[in-house]
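Welcome, and thanks for opening the viewer. Keep your selection tool ready, and we will walk through the model one stop at a time.

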Amino acid sequence: MYRIGVVSLFAELIDPVARHGVVGRACERGLVELRHESPRAFTTDRHRTVDDRPYGGGPGMVLSYEPMCGAIGALRTCLPKDSRALVLSARGRSFNGALARELAAAPGLLLVAGRYEGLDERIIEAEALEEVSIGDYVLSGGELAAAVVIDAVARLLPGVLGHEESGERDSHMDGLLGYPQYTRPEVVDGMAVPEVLLGGDHDRIRRWRLKHALGRTWRKRPDLLEARVLSDEERELLAEYRLEAGSA
Ligand SMILES: C[S@@+](CC[C@H](N)C(=O)[O-])C[C@H]1O[C@@H](n2cnc3c(N)ncnc32)[C@H](O)[C@@H]1O
């Protein structure tokens, strides 16, 4: 079982991911366990205060050391030793498929979601949290970012995706964007499914899909192609795609 612990003020924003779809089934089948801890449970005052004003002035509030570290410490006792420990943060390293694979290979995962103006820096230092961002924009809290990480990591765990929905051909699994998909009807609003997909010739279908995965990546994310060494077949298929697109 892969154990995930989340520290956040709003568990209700994260829980749905563990109740529905692929991750929901993985939790039901005991492949993934999601635990939650709120820093409010580690406060000592009547108002259960978890934040305070920033030193040096400025707007907003900052999450305080003691309640956050209390919640983190409580979750650590339920997680395997050497679990990865992340804080969701707009100033962190970008989350991507490679990092999702690294996290899925770890013994477990601790996620800390911030709120307000973020966390007291000393929490990040003392708990050796890796800062991870899900994109170059600012969310109001880390809960949705934590849900994104949980979903992306859980689908990579052994046994979570059945053969039918295997993720091997998903975008980013091999450094390319996914190829186009079609389902019935064969013709809709005058648009037909590409003939090659109807023929049952598995090698032609494989080459067509690879060509379109390469072409799509070249058009939309050329940076991914620059980071990838293409095989002879891939170079040939991409050249074909570019010729057909009129830009060889
Ligand atoms: C309003 S934001 C704080 C922004 C912070 N003052 C800054 O400049 O980075 C509150 C919380 O949302 C989360 N958050 C915001 N944007 C995020 C992003 N792009 N990726 C991951 N978490 C994010 C973090 O947990 C952060 O502590």
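Which unit do strand 1, helix 1 and strand 2 make? Strand 1, helix 1 (residues 21-28) and strand 2 make a right-handed β-α-β unit. Here right-handed is meant as follows: with the strands pointing away from the viewer, the path from the first strand over the helix to the second runs clockwise. Helices (H or I, at least four residues) and strands (E, at least two) are DSSP runs, numbered from the N terminus.

Before the next stop, two notes on reading the model. Residue numbers start from 1 along each chain, as its sequence is written. The model is predicted, and local features need pLDDT of at least 70, side-chain atom pairs count only at pLDDT 80 or more, while totals for chains, interfaces and linings use all residues.

**Stop 1: the sheet**

Select strand 1 (residues 2-7) and strand 2 (residues 32-37): they run parallel and are joined by 6 bridges. Two strands count as paired if DSSP finds at least two bridges between them. Look for V6, with H36 of strand 2 opposite.

Now widen the selection. An open sheet is formed by 5 strands in the order 2-1-6-5-7, with parallel pairing. Its edge strands are strand 2 and strand 7 (130-133), each pairing on one side only. From one strand to the next, the twist averages 30°; such angles run from 0 to 180 degrees between N-to-C directions, and axes are lines fitted to C-alpha atoms, for helices over the stretch in contact.

Residues are in contact if their C-beta atoms, placed from the backbone, lie within 7 Å.

**Stop 2: strand 5 and its partners**

Next, pick strand 5 (residues 84-94). Strand 5 pairs with strand 6 in the parallel sense over 5 bridges, and R84 stands opposite L109 in strand 6. With helix 3 (residues 97-104) between them in the list, strand 5 and strand 6 make a right-handed β-α-β unit.

Strand 5 also pairs with strand 7 in the parallel sense, over 5 bridges. Here V87 has E131 as its bridge partner, and L88 stands opposite V132.

**Stop 3: around the ligand**

How many residues surround the ligand? There are 19, and the closest are L88, A90, G114, G142 and A145. A residue belongs here if its C-beta atom, placed from the backbone, lies within 6 Å. Strand 5 gives the most to this shell, with 4 residues. By class, the shell has 8 nonpolar, 8 polar and 3 charged residues. Ala, Val, Leu, Ile, Met, Phe, Trp, Tyr, Cys and Pro count as nonpolar, Asp, Glu, Lys and Arg as charged, and the others, Gly among them, as polar.

**Stop 4: two crossing helices**

Show helix 1 together with helix 5 (residues 143-154): their axes come within 9 Å and cross at roughly 70°. The two helices are therefore roughly perpendicular to each other, a label for angles of 65 to 115 degrees. V22, V23 and A26 of helix 1 meet I150, D151 and A154 of helix 5. These contact residues divide into 5 nonpolar, no polar and 1 charged.

**Stop 5: two loop details**

Finish in the loops. R48, between strand 2 and strand 3 (51-52), has a positive phi near 55° although the residue is not glycine. P185 sits in the loop between helix 5 and strand 8 (187-188), and the peptide bond from R184 to P185 is cis, with omega near 5°.

Methods. Angles under 35 degrees count as roughly parallel, over 145 as roughly antiparallel, 65 to 115 as roughly perpendicular and the rest as oblique. Two residues are in contact if their C-beta atoms, placed from the backbone, lie within 7 Å.
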